[in-house]
Amino acid sequence: MIYSRIIGTGSYLPAKILTNRDLERTVDTTDEWIFTRTGIRQRHIAGADERCSDLALAASRRAIEAAGIAAQDIGLIIVATSTPDMIFPSTACILQAKLGIKNCPAFDVQAVCSGFIYALATADLYLRSGQYQSALVVGSEIFSRILDWNDRGTCVLFGDGAGAVVLRASDTPGILSSHLHADGSYQCILSVPGSVCGGKVEGRPYLQMEGNAVFKLAVKVLDEVVEEALVKNNLQKSAIDWLIPHQANIRIIRSTAKKLGMSMEKVVVTLDRHGNTSAASIALALDEAVRDGRIRDGHHVLLEAVGGGFTWGAVMIKW
């Protein structure tokens, strides 16, 4: 039987750091208010000359280096993003060109904050089918460009960054299962409703969110998909060595950990330093935990996320 395994991880964060103290000078908020409600202290902001594909490129190069392969060995590229370089071509195709790779399929996945989960699940199925031997999966976002910086309810939450993994086909289990869900009836509680028509922007091109509704739904569906992953793999909660959640809100993260009976010491949290980097957040946290040695061979690692759409999902991994 064919499985897919993660053989390399990488990440990139823009140089500019925007702290809560910095935001105090521009919007009606405080460091205490932001941290108490979200768990965020700072976030990274892309430079004016940086595009989504640039962030993805830096993270991808590090993942490819860690995997010990050449870029030309990549057989499939999937980029998860809600903030692409342009309407088309896809950011994945632009990334492919920057990596100097030819003749492999490349496409974007748009599932907002669940994007990396969706992209990882998609790549896993391609490798399991035997169609490709390796894949590059990237989450890359520049949310700072779709925020209303006068709206304290949203601008304090998000940051920019990218994370990447390289997958390789293997006869040893790696990704054990993936679980994807969506319910479009909740589309209005988290959205960027603007569009382009006739060369002009129609609607409001900024992120808008009904915070309480998002929080309640997120807690509910994450509890359900975590249980689904455990049942599918016949695992007890105690078998999970590491939880790597989407980094949206510390209260949501703590709720999921509590449901699993896990100490927060077994949860990888980068939220305080990165903010919510949407599709990049899990990949960024995964790379950090792999490189600092927390995640080791034999560990069960559970990834889970929820995002606009509404979308949500989980991936269970045996490292």
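User: What covers the buried residues of α7?
Analyst: The cover includes β8 (175-182), β9 (190-191), β12 (208-209), α8 (250-260), β14 (300-307) and β15 (311-318). Contact means heavy atoms within 4.5 Å; helices (H or I, at least four residues) and strands (E, at least two) are DSSP runs numbered from the N terminus. This is a predicted model, in which local features need pLDDT of at least 70, side-chain atom pairs count only at pLDDT 80 or more, and totals for chains, interfaces and linings use all residues. Residues are numbered from 1 along each chain as its sequence is written, and side-chain values use heavy atoms, with hydrogens and water left out.

User: Which residues of α7 are buried?
Analyst: Val214, Leu217, Ala218, Val219, Val221, Leu222, Asp223, Val225, Val226, Ala229 and Leu230 are buried, that is, under 20% relative accessible area with a 1.4 Å probe, protein chains only.

User: And what follows α7?
Analyst: Asn234 follows α7, and its phi is positive, near 55°.

User: Turning to cavities, how many of 30 Å³ or more are there?
Analyst: The search of the whole structure finds one. A cavity is a set of points on a 1 Å grid over the protein atoms alone where a 1.4 Å probe fits but cannot get out, and lining residues have an atom within 4 Å of a point.

User: Which residues line the largest cavity?
Analyst: The lining residues are Leu222, Pro245, His246, Ala248, Asn249, Ile252, Ile253, Glu304, Ala305 and Val306. Both α8 and β14 give two or more residues to this lining, and β14 has the largest share, three residues.

How values were computed. Buried means under 20% relative accessible area, exposed over 50%, partly exposed in between (1.4 Å probe, protein chains only). On a 1 Å grid over the protein atoms alone, a cavity is a set of points where a 1.4 Å probe fits but cannot get out, and a pocket is an open set with protein on both sides within 12 Å along at least five of seven lines; lining residues have an atom within 4 Å of a point. Grid points are joined across faces, edges and corners, and a volume is the space filled by probe spheres set on the points.
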